Amino acid sequence: MTATKGLEGVVAATSSISSIEDGVLAYRGINIDEMAEHATFEETAYLLWHGHLPNHQELAELKQLLSENSTIPDVLIEQLKLYPKDASTMAVLRTAVSALALYDETANDNSKEANQLKAIKLQAQLPTVIAAYARIREGKEPLAPLPGVSIAHNFLYMLTGTEPDATSVVALDKALVLHADHELNASTFSARVTIATLTDIYSAITSAIGTLKGPLHGGANEAVMDMLREIGSLENAEPYIQRKLQNKEKIMGFGHRVYKNGDPRAKHLQKMSRQLGLMQGDTTLFDISVKVESLVTGQKGLQPNVDFYSASVYTMLGIPKDLFTPIFAISRLSGWTAHILEQLDNNRIIRPRAEYTGQFNQQYIPIELRQ
Ligand code: ACO
């Protein structure tokens with residue numbers, strides 16, 4: 001038995017949810033470029049869950065269910081008030097999702113119908129949890145979700161307390177579409193491994209959130225923003241990147257295990273970053289990002305991934321840096337839950353082997369004889 005480091009090239013599951021073939025990402029067979037151009041996040045979630053795009057009635061029913069399920073229990077709001085104000089927002093989200101299970105009497109019901117409803121419920125509640133904590137830590141009262149608006153609209157409203165402008169809603173919605181699913185990425189794999197033991201959906205999502213938090217995965221978008229802030233000006237980009245590359249440090253937001261010729265999601269976020277900069281009359285963050293891309297791609301041959309331009313997009317939407325990864329979680333929850341439902345449809349426990357590299361034939365030495 002020989003192990004492949006990081007399971008590179010290992011095919012660990014069958015799935016009909018999303019595919020990456022020849023550098024093209026597709027959701028249920030539909031190219032991500034088409035989805036980014038035409039679909040809303042709610043349509044995307046429906047597609048991932050059901051395998052086809054919703055008709056008018058199906059979409060209206062989903063939106064109704066999302067709206068009905070978007071409040072969170074008062075007891076959870078009281079708990080959020082007790083969390084440290086400077087906690088990691090991903091740790092808050094991980095803890096809150098775990099806590100939500102305690103107030104859902106269907107938490108341990110693994111029937112398909114119950115899990116489909118819980119997927120919708122979690123999709124509706126995640127933005128409310130994140131926005132509530134973001135306000136509480138600033139000493140403000142959380143806001144109740146608005147009925148009848150999109151998840152992107154509601155999230156921006158619950159965060160700021162004001163009606164968001166149409167451009168911001170469209171930009172966030174597109175970002176949610178682009179992050180929704182990505183084959184067997186690390187957090188989705190965690191979710192599948194967890195649910196495959198036949199535990200509950202909340203446990204699987206808690207695992208996934210913990211996995212997404214890491215800087216090699218979803219946490220990279222926040223690290224990109226730290227880098228852009230440290231660079232600060234266009235002139236400083238070159239010396240900064242040269243220094244990093246000379247020290248063999250990783251440049252966050254670049255590289256990918258699967259895409260070696262570029263992440264197909266990055267160009268949409270790049271376009272959005274440019275548009276928002278032009279609209280706001282300040283393209284500094286976009287310009288620095290483009291410069292960093294030309295340096296890193298030129299010198300290392302590494303292409304930007306989905307996290308690179310999402311950092312400037314979210315900042316221009318006025319979103320605090322530590323909410324970037326939680327927003328990724330809001331979007332990816334649709335993919336996680338689709339994979340959880342798919343795993344349960346044809347389940348077998350996921351239990352690979354390890355290549356043992358330790359010693360054999362050692363003897364037990366009584367403690368008084370040990371050095
Ligand atoms: N900056 C500099 N060098 C890099 C980078 C980078 N961002 N990414 C890869 N490399 C180099 C590695 O150092 C390695 O060089 P070596 O062969 O000389 O040792 C080579 O490219 C191969 O990289 P690995 O780390 O082996 O690639 P792996 O497939 O294991 O990791 C990963 C992929 C984690 C995305 C990596 O590219 C990385 O750390 N990127 C930065 C973090 C990041 O942006 N993560 C977000 C990924 S997308 C997502 O999860 C949403």
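Is Gln 125 buried or exposed, and why? Gln 125 counts as buried, because 24 C-beta neighbours lie inside 10 Å. The cut-offs are these: buried takes 20 or more other C-beta atoms within 10 Å of a residue's own, exposed takes 12 or fewer, and partly exposed falls in between, with C-beta atoms placed from the backbone.

A word on the model before going on. It is predicted, so local features need pLDDT of at least 70 and side-chain atom pairs count only at pLDDT 80 or more, while totals for chains, interfaces and linings use all residues. Residue numbers run from 1 along each chain as its sequence is written.

Back to Gln 125. Gln 125 sits in helix H6. Helices here are DSSP runs of H or I with at least four residues, strands are runs of E with at least two, and both are numbered from the N terminus. H6 covers residues 112-136, 25 residues in total. From first C-alpha to last, H6 reaches 35 Å, close to the 36 Å expected at 1.5 Å a residue. That expected span is 1.5 Å times one less than the number of residues.

H6 also bends. The bend is about 30°, at Gln 125. A proline, Pro 127, follows within four residues. The angle is taken between axes fitted to the seven residues ending at a position and the seven starting there. For distance, take Phe 324: 199 residues from Gln 125 in sequence, and 17 Å away in space, C-alpha to C-alpha.

How much of H6 is covered? Mostly covered is the reply, with 18 of its 25 residues buried.

Next, the core. A nonpolar core is a set of buried Ala, Val, Leu, Ile, Met, Phe, Trp, Tyr and Cys residues, joined through C-beta atoms within 7 Å. The largest one has 98 residues. Leu 93, Phe 155, Leu 172, Leu 176, Ile 205 and Val 313 have the most contacts inside it. H6 gives the most to this core, eleven residues. Domain 1 (15-216 + 322-345) and domain 2 (220-316) both give residues, so this core lies between them. Those bounds come from an automatic or database domain assignment.

Two backbone points. Most residues other than glycine have a negative phi. Leu 198 has a positive phi, near 70°. Leu 198 is in the loop between helix H9 (186-195) and helix H10 (201-212). It counts as exposed, with 12 C-beta neighbours inside 10 Å. Lys 248 also has a positive phi, near 60°. Its loop runs between helix H12 (234-246) and helix H13 (266-280). Lys 248 is exposed, because 6 C-beta neighbours lie inside 10 Å.

Asn 221 is in helix H11, residues 220-231. Asn 221 is buried, with 28 other C-beta atoms within 10 Å. Ala 91 belongs to helix H5, residues 89-100. Ala 91 is partly exposed, with 14 other C-beta atoms within 10 Å. Its C-alpha is 9.7 Å from that of Pro 326, 235 residues apart along the chain. Ser 16 lies in the segment before strand E1 (18-21). Ser 16 counts as exposed, with 10 C-beta neighbours inside 10 Å.
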